[in-house]
Amino acid sequence: MKIPKRIEPLVEEGLVDAVICQLMSGKEALVYVVRCGRSIRCAKVYKETSRYYFSQEDQNYSDGRPIRSSRYWRAMQRKRHVGRITREEAWQNTEVDTLCQLAAAGVRVPKYRGFFEGVLLMELITDRHGSIAPRLSELTLTKTQARAYHDFLIGQVVRMLCAGVVHGDLSEYNVLIGKRGPVVIDFPQAILAAGNHCAQQIFKRDVANITTYLSRFAPELAETDYGSEIWSLYQRGKLHLGVHLTGQAVEKTRPVNLDSVLSAIKTAYRKEMAWQRYQQERFTGRYRPF
């Protein structure tokens with residue numbers, strides 16, 4: 001296969017020896033199977049121009065991300081070419097940093113092999129037969145498989161959240177089924193759970209995406225609400241790797257203080273009556289301000 005222009009610098013540097021084939025084309029990148037010495041890896045080539053980096057929705061993902069400097073921030077805000085390039089680099093660096101962070105936390109992700117000239121080199125995930133691993137969306141599952149994959153992926157989102165990370169775009173399309181089971185991929189939209197004002201919403205959506213898909217094969221999963229339960233534990237500082245989950249969000253209620261409620265009603269009533277008297281006296285001319 002002809003070497004894509006964006007991979008040519010890696011060939012010149014000796015990081016890639018040959019491009020075997022194109023694996024996939026996504027909204028933000030092209031992925032190729034490449035040979036690096038005796039190893040077969042995948043190369044993720046980020047697209048230079050894409051709506052992926054510039055929509056209003058993407059600002060929800062960048063919220064709370066650390067910025068290198070005020071100068072770097074100003075560059076990101078520019079609408080000229082330099083601003084676009086800076087924003088693209090920020091998204092790419094997010095995936096690289098997240099891959100390394102989650103691997104250290106024990107999350108099953110592709111192994112990071114290098115990042116050069118906008119190209120991310122990673123482990124190529126294969127199935128038990130040595131073929132390229134399929135996406136979760138490509139498989140027809142038994143009920144038992146669906147429940148097993150769901151349990152494992154819920155454990156992975158817990159592990160990610162314990163590391164302070166929310167995937168941001170988790171779905172059946174971003175999970176590969178490798179020889180050891182599910183592998184989570186694609187992290188350019190990952191966010192910091194503690195620093196993003198949309199983190200709760202995005203986290204619950206991630207969990208709902210996986211649950212909704214797998215409930216096609218195991219309908220009882222549709223009755224669960226792991227997203228709310230896990231986030232509640234996280235907010236209360238009680239989330240840990242060994243936490244027991246039920247799949248149900250428990251709402252804690254307190255006894256109603258009737259005296260406080262009645263007192264508030266009476267106060268509101270007195271204010272309303274005073275306002276009505278004021279309006280009536282003003283209308284009839286009997287109101288005399290001091």
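Trainee: Why does Lys44 count as buried?
Mentor: Lys44 has a relative accessibility of 2%, and buried means under 20% relative accessible area, so Lys44 counts as buried. Please keep in mind that this is a predicted model.

Trainee: What makes the meeting of the side chains of Lys44 and Glu28 a salt bridge?
Mentor: The N to O distance between the side chains of Lys44 and Glu28 is 3.3 Å, and the rule asks for a Lys or Arg side-chain nitrogen within 4 Å of a carboxyl oxygen of Asp or Glu, so the pair qualifies as a salt bridge. Lys44 belongs to strand β3 (residues 39–46), while Glu28 sits in the loop between β1 (18–25) and β2 (29–36), and the two are 16 residues apart.

Trainee: Why is Asp186 called buried, with a relative accessible area of 19%?
Mentor: The value for Asp186 is 19%, and buried means under 20%, so Asp186 falls on the buried side of the cut-off. Asp186 also has a phi near 65°, a positive value in a residue other than glycine. Another residue that is not a glycine, Glu117, has a positive phi of about 55°, and Glu117 is found in the loop between β4 (112–116) and β5 (119–123).

Trainee: What makes Glu220 partly exposed?
Mentor: Glu220 has a relative accessible area of 28%, and partly exposed covers what lies between the buried limit of 20% and the exposed limit of 50%, so Glu220 is partly exposed. Arg147, at 32% relative accessibility, counts as partly exposed by the same rule. Glu220 forms a salt bridge with Arg147, the closest N and O atoms being 3.1 Å apart. Glu220 lies in the loop between α6 and α7 (226–235) and Arg147 lies in helix α5, so their bridge ties together parts that are 73 residues apart in sequence.

Trainee: Why is α7 described as mostly covered?
Mentor: In α7, 7 of its 10 residues are buried, each of them having under 20% relative accessible area. The buried residues are Tyr226, Gly227, Ser228, Glu229, Ile230, Trp231 and Leu233, and they pack against α5, β6 and α6. Just after α7, Gly237 takes a positive phi of about 70°.

Trainee: With which residues is Ile230 in contact, leaving aside its neighbours within four places in sequence?
Mentor: Ile230 is in contact with Ile154, Val157, Val158, Leu161, Phe203, Leu239 and Leu245, where contact means heavy atoms within 4.5 Å. Ile230 is also one of three residues, together with Leu136 and Leu214, that touch the most other members of the largest nonpolar core, which has 51 residues. Helix α5 (residues 143–162) gives the most to this core, with 8 residues. There is a second, separate core of 11 residues, and among its members are Ile7, Val34, Val45 and Val119.

Trainee: How many cavities of 30 Å³ or more are counted, and what lines the largest cavity?
Mentor: The count comes to 1 cavity of 30 Å³ or more, and the largest cavity has a volume of about 30 Å³. The lining consists of Val157, Met160, Val165, Val166, His167, Leu170, Phe203 and Asp206, which divide into 6 nonpolar, 1 polar and 1 charged. The elements that give two or more residues to this lining are α5, β6 (165–166) and α6 (199–214).

Trainee: What share of the 290 residues of the protein chain counts as buried?
Mentor: Of the 290 residues, 41% count as buried, in a chain that has 8 helices and 9 strands.

Notes
Residues are numbered from 1 along each chain as its sequence is written. This is a predicted model: local features need pLDDT of at least 70, side-chain atom pairs count only at pLDDT 80 or more; totals for chains, interfaces and linings use all residues. Side-chain values use heavy atoms; hydrogens and water are left out. A nonpolar core is a set of buried Ala, Val, Leu, Ile, Met, Phe, Trp, Tyr and Cys residues joined through side-chain atoms within 4.5 Å. Buried means under 20% relative accessible area, exposed over 50%, partly exposed in between (1.4 Å probe, protein chains only). Helices (H or I, at least four residues) and strands (E, at least two) are DSSP runs, numbered from the N terminus. On a 1 Å grid over the protein atoms alone, a cavity is a set of points where a 1.4 Å probe fits but cannot get out, and a pocket is an open set with protein on both sides within 12 Å along at least five of seven lines; lining residues have an atom within 4 Å of a point. Grid points are joined across faces, edges and corners, and a volume is the space filled by probe spheres set on the points. Ala, Val, Leu, Ile, Met, Phe, Trp, Tyr, Cys and Pro count as nonpolar, Asp, Glu, Lys and Arg as charged, and the others, Gly among them, as polar.
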